[in-house]
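Please read them alongside the sequence and coordinates.

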Amino acid sequence: MIRRPPTIVCYICGREYGTKSISIHEPQCLKKWHNENNLLPKELRRPEPKKPEVRTISAKGFYDLDALNEAAWKSAQSQLVPCNICGRTFLPDRLIVHQRSCKPKVAK
């Protein structure tokens, strides 16, 4: 059985990165997040995502990647905004595009 190298979930975008590249990715992802957030209308702007505080070292001295990844995934999912018509969640810039074509359900 071939083991995959361990990955860490980005708390901003929710994508997986290697343990060495996550430290390079996060500052760039946060910068991109700020640029995109500043372009949104004021009512869709969100507060800056905060890195989840998780005790990363277990009792045996190993990183608890599962707990870290779970907290990061929840943080990334909390960045999604629900559509006020259908309730689906989107990133704010994609919500604007979605709402152009979203129609209320017609009762039969």
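What should the 18 residues of helix H1 span at 1.5 Å a residue, and how far apart are its end C-alpha atoms?

1. This is a predicted model, in which local features need pLDDT of at least 70 and side-chain atom pairs count only at pLDDT 80 or more, while totals for chains, interfaces and linings use all residues. Residues are numbered from 1 along each chain as its sequence is written, and side-chain values use heavy atoms, with hydrogens and water left out.

2. Helix H1 (residues 22-39) should span 26 Å, and its end C-alpha atoms lie 25 Å apart, which agrees. Helices here are DSSP runs of H or I with at least four residues, and strands are runs of E with at least two, numbered from the N terminus; the expected span is 1.5 Å times one less than the number of residues.

3. The buried residues of H1 are Ile22, His25, Glu26, Cys29, Leu30, Trp33 and Asn37, where buried means under 20% relative accessible area, exposed over 50%, and partly exposed in between (1.4 Å probe, protein chains only). They cover an arc of only 130 degrees around the axis, which puts them on the same side of H1; the arc is that of the directions from the helix axis to the C-beta atoms.

4. The buried residues of H1 pack against strand E1 (7-9) and strand E2 (16-18), with contact meaning heavy atoms within 4.5 Å. The face turned away from the buried side carries the exposed residues Ile24, Pro27, Gln28, Lys31 and Leu39.
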